[in-house]
Amino acid sequence: MITMTLREVAAVTGGRLAADGPEVVVDGEVVIDSRQAGPGTLVAAFVGSTADGHEHVPGALAAGAAGALVSRPDVAEAAGADPARLVVVDDVAAALGRLARHVLASLRGDGDGPRVVAVTGSVGKTTTKDLLAHLLAPLGDLIAPPGSFNNEIGLPLTVLRARPSTATLVLEMGADHVGNLEYLTSVAPPDVAVVLAVGRAHLGEFGGIENVARAKSELVAGLRPTGTAVLNADDRRVAAMAPLAPGPVRTFGRGDADVVATDVVLDDAGRASFTLTSPAGAARVRLALVGEHHVHNALAAAAVALELGLTPAQVADLLAAAPAASPHRMAVTDRADGVRVVDDSYNANPDSVRAGLRALATLGAGRRRVAVLGEMLELGADSAAEHDAAGADAVALGADVVLAVGAGTAPLAAGARRAAGAGTTGSAGSDRPAVEVVEVPDVDAAEVDLRDRLRPGDVVLLKGSNGSGIWRLADALLTGTDTRGRMPS
């Protein structure tokens with residue numbers, strides 16, 4: 001963060017110092033985990049479901065933190081915190097947003113300052129954010145969030161890492177309600193806004209697909225006056241956002257677009273190659289990422305990089321070297337026992353589940369394919385129908401075993417059984433053996449089942465919403481522990 005005094009932090013956040021004292025300077029990062037506190041840092045204390053961060057403020061101050069943002073000064077003081085180092089605010093998350101807004105505006109000043117590249121979409125946000133960070137690194141000092149720091153807490157924390165040397169901020173912006181992105185863009189108005197797709201994530205929260213589109217469009221409407229919108233021409237709801245852009249619009253896709261992928265082919269490992277064509281020229285691209293769905297993510301990142309001055313050849317070289325940078329996202333691991341684990345367990349919605357199943361079909365060609373599917377959360381009234389369809393898709397796309405994990409996946413298992421009973425063979429051919437559909441109550445039971453079920457040569461896909469805990473099952477399969485991190489007996 002830029003250097004500020006605690007008194008300045010209080011003024012910017014609309015807070016107050018709990019007590020007078022010597023002037024203290026904040027010149028480190030802003031953190032929300034007291035264990036990350038160090039000299040000059042500012043600790044933001046949140047009240048969690050199982051712990052109150054205010055109780056850990058004294059330890060953070062003892063570790064060298066300059067001060068803390070608190071909403072419960074009485075708790076922090078009772079635990080031993082120096083009140084002169086407490087900035088008291090009504091809402092710590094809102095205070096973080098105000099502080100981040102001030103820091104970015106100060107860095108931008110009257111000049112260029114850091115350019116902000118923001119990405120949103122129902123699927124692919126984090127992967128595209130990682131690709132953007134990789135592609136834009138040659139343009140100067142770059143900051144991007146780890147994982148999915150994309151909400152009203154994670155985004156300000158990323159912005160607050162910026163310093164005068166920062167050339168580019170790559171930000172991921174997520175939403176589960178209309179208005180979320182309007183707020184995030186008020187904190188960090190983008191110079192470039194990327195919209196990937198309008199899909200069926202958080203349908204229960206949004207109340208319908210059109211509200212999803214409305215929410216995603218807030219990123220385009222929140223652009224700076226001369227900002228550029230980069231839109232997926234293959235998604236009609238995204239393409240319709242063009243009139244909201246205050247400045248130039250650039251499109252990407254596999255059809256009529258500014259930046260196009262043609263001649264797409266997949267190798268035996270499920271990695272896509274394609275010809276990247278743009279007004280700046282063409283180049284052949286070979287992705288290191290697994291899954292054809294990453295073509296659109298790569299196109300989006302390429303469109304931004306080309307807009308900011310890279311050549312098609314540079315983009316192709318950088319994309320070829322871009323790894324899967326965030327965990328639990330289409331990570332393919334061949335275990336020593338011959339089982340291939342496809343870990344795409346970070347999150348799930350109907351569109352991403354189908355993308356994962358298509359990847360399983362490719363990666364498991366000629367091998368037994370096991371689809372381990374947890375619940376897709378926040379689908380509201382559409383939940384049963386979407387789970388049923390996902391189960392049918394698993395069978396149609398060639399899964400030999402469908403393991404439905406959790407009570408919420410009962411419709412998924414029913415859909416799979418119905419499709420299997422109807423003789424759906426998909427890509428597996430007419431001589432395909434009977435599909436086995438198994439239901440287990442939770443990830444612990446799934447771990448026990450898979451320990452006995454998997455055999456050399458199998459390919460297993462793990463997919464489910466974060467709250468379903470399928471990621472714990474993925475960790476267990478890859479580390480040899482159980483879903484609680486223990487060595488099995």
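**Close-up views of a predicted protein chain**

View 1. Val31 has Val43 of strand 5 as its bridge partner, helices (H or I, at least four residues) and strands (E, at least two) being DSSP runs numbered from the N terminus. This is a predicted model, in which local features need pLDDT of at least 70 and side-chain atom pairs count only at pLDDT 80 or more, whereas totals for chains, interfaces and linings use all residues. Residues are numbered from 1 along each chain as its sequence is written, and side-chain values use heavy atoms, with hydrogens and water left out. Strand 4 and strand 5 (residues 42-44) pair in the parallel sense over two bridges, two strands being paired if DSSP finds at least two bridges between them. The open sheet to which they belong has five strands in the order 2-7-6-5-4, with mixed pairing. Its edge strands, each pairing on one side only, are strand 2 (16-17) and strand 4 (30-31).

View 2. Helix 4 (residues 92-108) lies across strand 4, strand 5 and strand 6 (67-70), and runs at about 120° to strand 6; axes are lines fitted to C-alpha atoms, for helices over the stretch in contact, and angles run from 0 to 180 degrees between N-to-C directions. Val103 lies in this helix and is buried, with a relative accessible area of 0%, where buried means under 20% relative accessible area, exposed over 50%, and partly exposed in between (1.4 Å probe, protein chains only). Leaving aside residues up to four places away in sequence, Val103 touches Met1, Ile2, Met4, Leu160 and Ala162, contact meaning heavy atoms within 4.5 Å. Val103 and Thr3 are 100 residues apart in sequence, with their C-alpha atoms 9.6 Å apart in space.

View 3. In helix 1 (residues 6-13), the buried residues are Leu6, Val9, Ala10 and Thr13. Seen down the axis of helix 1, these buried residues fall within an arc of 100°, so they line one face of the helix; the arc is that of the directions from the helix axis to the C-beta atoms.

**View 4. The nine-strand sheet with helix 12.** A further open sheet, of nine strands, has the order 9-10-8-11-12-13-14-15-16 with mixed pairing. Strand 9 (142-143) and strand 16 (281-290) are its edge strands, each pairing on one side only. Helix 12 (residues 312-320) packs on the sheet, where it touches strand 15 (271-278) and strand 16, and its direction makes about 10° with that of strand 16. Strand 11 (residues 192-195) and strand 12 (residues 228-232) run parallel and are joined by four bridges; in strand 12, Thr228 is the bridge partner of Val192.

View 5. Asp263, a residue other than glycine, has a positive phi near 55°; its place is in strand 14 (residues 259-266), and at 56% relative accessibility Asp263 counts as exposed. Met330, although not a glycine, has a positive phi of about 45°. Met330 is found in the loop between helix 12 and strand 17 (331-334), and at 4% relative accessibility Met330 counts as buried.
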